[in-house]
Amino acid sequence: MEDRAAPVLTGGGARAAYQVGVLWAIRELTGRSRANPFPILCGTSAGAINAVALASYADNFDGSVRRLAWIWRNFHAHHVYRADAFAVTKSALAWGGTLLWGWLLRRGPKSLLDNQPLRELLASRLDFAGIGRAIDSGALYALSVTCSGYATGESLTFYEAAREVSPWRRAARVGVPARLGVEHLMASSAIPFVFPAIKINREYFGDGSMRQLAPVSPAVHLGASRILVVGAGRAKDETRRARGDRYPTPAQIAGHALSSIFLDGLAVDLERLDRINATVGKIPPPLRAELGIPLKPIETLVISPSERLDYLAARHFHALPRPMRIMLRGVGAGGRAGSTVLSYLLFERSYTRALIDLGYRDAMMRRSELIRFLRLDPAGVKFETRQRASGFGAMTPEQNLEIQSEMSELSS
């Protein structure tokens, strides 16, 4: 089995900008090289968009990350969904009418927001034909995009890969070959109720994070021996129990539901992978071969936010267009208590830039682990300790000293 690294880029709407900061740090650690350090790319929901963006230009990793960062650093809500007064009012009236007269109309609105602008953005910015060219040239081995089928309830992973990759079927999850395009990304990122479902072949699909019981499994099936999980979920202190005397607002309930969709499955799957690694690691390789056990430990590295993204989003609430602010305030998403749902929908550059900076800082604080994971020579890795005028993750002097200390230890 060849040694192949794969990033698993998870869902989370606007939160996926955090992944770009991590990728920017990797770009610097690899010396801004054209060579792609990830032969396998796996994405779900908004993470699938990032994965396809990397795969489309896999022959130039440095360029693909710069292109991706430019898009995320200049995002506005109207690039993803219609956020003008007419569109928001039309949606509110449609949903209100459905509640009052749905029995008569017999047909309700498909979604809360119209994400046609996202379709146009993806079609204009991504070179889907480049995926096949990258596979043919050897710059890429496999790419996967995961969706959730509304009819079957299965987690379906569409993949484009080298010929030797075979389809798979497990409990409630399937891997099928496909020529990936805009429809797959629109389906994978179709947050339930928020964005409309997308029909692919004979079935309607929604956000790939729904019912994704094993988010890491596509990377394993595609042949990854090293997996970098870039989450956009909870900070370490986000799960502490807290007292709540007030009844939760609709935004709090919606945020809780979205977090269950985007975050919980990944945490459980990583725990399962750790247990399997621990068990398999206790069996010597010769004995595994003798017993016919086809398993081997998979090296994993998880990078996730060091700050609460809902609180970060609350600080940028004002950046949303006024009609969206009015609608979100109406459901309780204007303050900290309901800011979780806001953190998924705030496609505005002040917030996405803050996420990119956070991802960059978090990755650089784990640089020694990244260097080992990427099989880089510590002595050959250069790092500029000056503050970055570009805004990518400027660090404090204390953090720079800590990083320099780590590099000295790695090089010795």
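Asp-114 and Arg-82 bring their side chains together in a salt bridge, with 2.9 Å from N to O. This pair ties together distant parts of the chain: Asp-114 sits in the loop between α4 (85–105) and α5 (116–125), while Arg-82 belongs to the loop between α3 and α4, 32 residues apart. Asp-114 is partly exposed, with a relative accessible area of 36%, and Arg-82 is partly exposed too, at 35%. Please keep in mind as you explore that this is a predicted model.

## More charged pairs

Side chains of opposite charge can pair when their charged atoms come close. The count here comes to 14 salt bridges. One of them joins Glu-154 and Arg-169, again with 2.9 Å from N to O. Glu-154 is found in the loop between β3 (142–149) and β4 (155–161), and Arg-169 lies in strand β5 (residues 168–170), so the pair links distant parts of the chain, 15 residues apart. Arg-169 is exposed, with a relative accessible area of 53%.

Arg-66 pairs with Asp-62, their closest N and O atoms being 3.3 Å apart. Both residues lie in helix α3 (residues 61–73), four residues apart, or about one turn of the helix. Arg-66 is partly exposed, with a relative accessible area of 40%, whereas Asp-62 is buried, at 11%.

## A covered helix

Now turn to helix α2, which spans residues 46–56 and is mostly covered: 11 of its 11 residues are buried. Among them are Ala-46, Ile-49, Asn-50, Val-52, Leu-54 and Ser-56.

## The largest cavity

The structure holds three cavities of 30 Å³ or more. The largest has a volume of about 260 Å³. It is lined by 23 residues, and the closest to its centre are Ile-49, Trp-72, Phe-75, Leu-118 and Leu-122.

Helices α2, α3 and α5 each supply at least two residues of this lining, and the largest share, five residues, comes from α3. By class, the lining of the largest cavity has 16 nonpolar, five polar and two charged residues.

## The second largest cavity

About 50 Å³ of space lies in the second largest cavity. Its lining includes Thr-146, Ser-155, Thr-157, Arg-173, Gln-212 and Pro-218. The elements that give two or more residues to this lining are β4 and α8 (217–221). Sorted by class, the lining of the second largest cavity has three nonpolar residues, five polar and one charged.

Definitions and conventions
Residues numbered from 1 in each chain as written. Predicted model: local features only at pLDDT ≥ 70, side-chain atom pairs only at ≥ 80, totals over all residues. Heavy atoms only, no water. Buried < 20%, exposed > 50% of the residue type's maximum accessible area, 1.4 Å probe, protein only. Salt bridge = Lys/Arg side-chain N within 4 Å of Asp/Glu carboxyl O. 1 Å grid on protein atoms, 1.4 Å probe; cavity = no way out; pocket = protein on both sides within 12 Å on 5 of 7 lines; lining within 4 Å. Points joined across faces, edges and corners; volume = space filled by probe spheres on them. Nonpolar A, V, L, I, M, F, W, Y, C, P; charged D, E, K, R; others polar.
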